[in-house]
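Please keep the sequence and the 3D view open as you read.

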Amino acid sequence: MYAAVNHFQERGSQLSVAEKETYVEDLTGSPADADTFSRELTDSEKERRKILMEKYLQEGLYPARKLLRIQAEGEIVADRVCFLLETSTFYLPERELTDEDLLEIIDHDLMTDYSLAEARKEEQKAQQAMQGQQDAQGQQAAQGQQSAAQGQQDAQGQQSAAQSQQGAAQDQQSAQGSRLQQQNPEELSMEEAITYAKKAVERVYGENTEDMEVTAEYDSYIVDGVGEPFSDAMIYLTKEDGNTQYYVCVDLIRKEVNILDINNEQEDLAENCIEPGNIMEKELLKNIEEITCRFMGEGVSVNKRYAQVITDPEGYLAYGVIHYYFEMDNGKIADVSYSNVTKRIYSLWSISQDLFDEDTEITKTQYEKDGYTYQLIKCN
């Protein structure tokens, strides 16, 4: 399959039967309609949570430890994120949450979703098996009836099968969507989000999405804190050849596409085996800028251009990748990941200026700590 799906499934496959049952019991046993937080997440925590969610799905970045689950408020540990099962409440430290803290929350949410989806699949299998047995019994009983009655029964059976198939499809969609909660009526519906995703792929890459297989996931982090809602839909569009998949993240509240990735199972990220080359080659920059403007939306243009180049001590690109950043005239930053190995864009992100500043500083610090050279070069 593909990176984002693989790491979600990979992590879930590590759960024992007892762990999956516990996640489901915690969810179904709580009277709360949704998870809540003891305090609202800061803007920085919200933005970093988005980044870490993608790294979890795309790179398999997991927390070092499990979320601390407690039975009563008296068990709260001051410097840890704690989850009170009875009220589905995350109790957060008053300090800024670390990446580990946020990953523990993300892991808990996604593994709850995974466990519920698996439980629904098992329930669906049982229902299908029962339906098959009933159908077989019905066919045997019908063999001795008159042809007219048989025809009527067949028609009813077809209607029942169609209804059963529709119900199974709805169950499957619910399982894929995981723990679907009631949406704010002002948000995009999942159907609308899928339309946004398809239009983005068509606009940016010129693809025909009509026959692509669609998988949709959302609701793991619909509410951040006790106030501001925060909801994304994660849409996967897979081509008929089975090799190429587009991943699109749609902000359901702001009604915009934040992320567009293209994954090909034959093209993984490279090792540090290639030099940067001419990062300011005019035709390359022109092509990347054109694609970026199509992604960012009609009527926007580029004010400034930067290239982020990270090299190891031998001068080779980290993962063979260059990040191009385009400052748009609407205040957003387009983060474009370009593989210098496959010579193609594989990821486009729309981020805020604050997130750009914070993320580049974090990246610079982390890589330089490991002996890499970090450069953010202004392009003409």
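**Notes for a first look**

1. Let's begin with the contacts across the whole chain. Of those between residues at least 6 apart in sequence, 64% join residues at least 24 apart. Please bear in mind that this is a predicted model.

2. Next, the overall make-up. The protein chain has eight helices and 13 strands. Of its 380 residues, 47% are buried. The accessible surface amounts to about 19,400 Å², and carbon and sulfur atoms account for 46% of that surface.

3. Now for a helix pair you can find by number. Helix H3 covers residues 43-59 and helix H8 covers residues 353-369; their axes come within 11 Å and cross at roughly 60°. The crossing of H3 and H8 is right-handed. On the H3 side, the contact is made by Ser-44, Glu-47, Arg-48 and Ile-51, while H8 brings Leu-355, Glu-358, Asp-359 and Ile-362. Sorted by class, this contact has four charged residues, three nonpolar ones and one polar one.

4. Is Ser-339 buried or exposed? Its relative accessibility is 8%, and buried means under 20%, so Ser-339 counts as buried.

5. Stay with Ser-339 for its surroundings. Its side chain makes a polar contact with the side chain of Thr-342, at 3.0 Å. Leaving aside residues up to four places away in sequence, Ser-339 touches Gly-320, Arg-344 and Tyr-346.

Conventions: Residues are numbered from 1 along each chain as its sequence is written. This is a predicted model: local features need pLDDT of at least 70, side-chain atom pairs count only at pLDDT 80 or more; totals for chains, interfaces and linings use all residues. Side-chain values use heavy atoms; hydrogens and water are left out. Axes are lines fitted to C-alpha atoms, for helices over the stretch in contact, and angles run from 0 to 180 degrees between N-to-C directions. Helices (H or I, at least four residues) and strands (E, at least two) are DSSP runs, numbered from the N terminus. A crossing is left-handed if the near helix is turned anticlockwise from the far one by less than a right angle, and right-handed if clockwise. Contact means heavy atoms within 4.5 Å. Ala, Val, Leu, Ile, Met, Phe, Trp, Tyr, Cys and Pro count as nonpolar, Asp, Glu, Lys and Arg as charged, and the others, Gly among them, as polar. Buried means under 20% relative accessible area, exposed over 50%, partly exposed in between (1.4 Å probe, protein chains only). A polar contact is a pair of N or O atoms within 3.5 Å; within protein, one must be able to donate a hydrogen and the other to accept it, and residues adjacent in sequence count only if both atoms are side-chain atoms. Accessible areas come from the Shrake-Rupley method with a 1.4 Å probe; for residues, only the protein chains shown count as cover.
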